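Student: I am new to this one. Could we go through it together, term by term?

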Amino acid sequence: MCTQSAPSAIAALMAYLDASPTAYHATANARARLELAGFTALDEGAAWSLQAGRGYFVERNQSALIVFRVGTGSLATDGFRLVAAHTDSPAPKLKWRGAAERSGVLRIPVESYGGMLQSTWFDRPLAIAGRVAVKAADGGVRWQLVLSSRPLAIIPSLAIHLNREVNQGAAINVQQHLAALCGACSFADILKELCGATPAELLDADLFLADCQLATLCGVNQDIINAPRLDNLCSCQAALDAIIAAPPAAATPVIFLADNEEVGSETAQGAASAFWRDTLERLCLTQSNGDRETIFRALSRSFLLSLDAAHAVHPNYEEKHDPAYAPVLNRGVVIKNNASFRYSSTAVSSALFRQLCRDQGIAHQDFINRSDQPCGSTVGPTCAARLGVKAVDAGIPLWAMHSSRESAGVKDQQALTQAVAALFVMP
């Protein structure tokens with residue numbers, strides 16, 4: 001729950017996390033917030049007419065958004081200030097056609113979406129959320145977002161008496177051990193609860209399990225956020241906060257809230273798609289009356305900040321970090337580097353971002369993986385390669401990344417929002 005001591009911006013983040021159990025909900029909630037702030041929705045299939053200073057957004061697949069505020073200067077000379085994040089998080093996805101009665105209860109098998117920390121999904125009250133496609137009254141297809149209002153499932157652990165070696169480590173078979181158990185009911189009962197439809201009306205669905213416990217603040221000083229999906233909705237929230245509050249500036253600020261980062265980004269709504277570059281090019285063509293030269297000039301004068309969570313040093317596992325690059329909760333934004341460019345940062349781009357943080361008094365720190373451990377990645381390298389822009393990877397440090405619940409520092413989220421806001425007015 002949001003405690004009274006939570007600063008308003010942190011309370012807003014926690015509310016966003018609570019209301020966004022899937023990428024579809026995260027995108028719908030972002031869209032609603034943008035519309036309330038006066039941003040105009042654009043249709044990819046319609047001609048665009050844009051005005052300087054006005055805010056716009058375009059959506060794809062109900063799970064990805066590109067948002068921009070047209071700059072007051074010339075794109076050819078002032079370029080873009082770009083921020084990328086992602087709306088998806090690892091979670092069990094229901095293989096709902098396999099739902100069947102087993103030992104007196106409904107059992108629904110799952111598959112792993114993204115690199116889940118699988119053991120953290122056991123013994124939690126779980127909601128079911130996602131989107132369904134049902135037959136419409138006119139014979140067409142109607143998509144509907146769904147979220148159960150109460151826990152509908154649980155994945156119980158096997159008792160230690162039946163698995164004596166479990167505390168020495170036990171392999172988890174996703175097909176066999178992570179299936180959701182829903183009590184004495186049928187899938188028709190689940191569907192009725194979610195959307196009022198019958199199995200005969202259901203055409204298809206993307207349904208996930210979601211932790212029912214709300215985001216909360218922890219610690220004596222209430223300085224730790226514990227919540228699902230901090231990776232990477234904390235970055236989405238920071239980007240949205242900054243672009244909604246952005247003052248008029250010569251450069252055009254743009255954020256890309258991409259989907260499917262957790263499974264490689266190779267989708268029409270992912271960072272590896274043409275979605276972002278095509279949108280930027282349309283923006284340039286609209287402003288320059290069809291001169292394609294503008295997109296190349298604009299990108300050469302642009303800067304990309306790729307936002308994704310970083311690994312905070314875990315006090316119980318300090319040996320997992322290089323001591324010179326061990327980010328600490330509530331010590332600021334993390335600048336991420338990797339020699340194999342699993343992150344987009346270079347010495348040039350990192351220096352520019354570090355100087356921006358210093359000029360604005362924004363706390364920042366550094367992360368490089370231990371040299372004997374493989375490194376994760378982000379949308380940063382993919383976006384930088386496809387756009388050909390200077391880019392840096394940054395984010396807030398987390399404990400338990402890819403768990404069903406992660407932890408972050410309150411001060412770090414505030415610093416991240418300040419950093420994005422500063423980027424949007426960077427000359």
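Tutor: Start with T216, whose bridge partner in strand β14 is N226. This is a predicted model, where local features need pLDDT of at least 70, side-chain atom pairs count only at pLDDT 80 or more, and totals for chains, interfaces and linings use all residues. Residues are numbered from 1 along each chain as its sequence is written, and side-chain values use heavy atoms, with hydrogens and water left out.

Student: What makes β13 and β14 a pair?

Tutor: Strands pair if DSSP finds at least two bridges between them. Three bridges join β13 to β14 (residues 224–227), so they pair, and they run antiparallel. Strands here are DSSP runs of E, at least two residues, and helices are runs of H or I, at least four, numbered from the N terminus.

Student: Why do β13 and β17 stand at the edges of the sheet?

Tutor: The open, mixed sheet has the order β13-β14-β22-β21-β17. β13 (216–218) and β17 (310–311) each have a single partner strand, so one side of each lacks a neighbour in the sheet.

Student: Which strands does helix α6 touch?

Tutor: Helix α6 (residues 230–245) touches β14, β21 (397–399) and β22 (406–409). Contact means heavy atoms within 4.5 Å.

Student: Why is L203 called partly exposed?

Tutor: Buried means under 20% relative accessible area, exposed over 50%, and partly exposed in between, with a 1.4 Å probe and protein chains only. L203 has 34%, so it counts as partly exposed. L203 lies in strand β12 (residues 202–211).

Student: Which residues of helix α10 are buried?

Tutor: In α10 (residues 380–387), they are G380, T382, C383, A384 and L387.

Notes:
Axes are lines fitted to C-alpha atoms, for helices over the stretch in contact, and angles run from 0 to 180 degrees between N-to-C directions.
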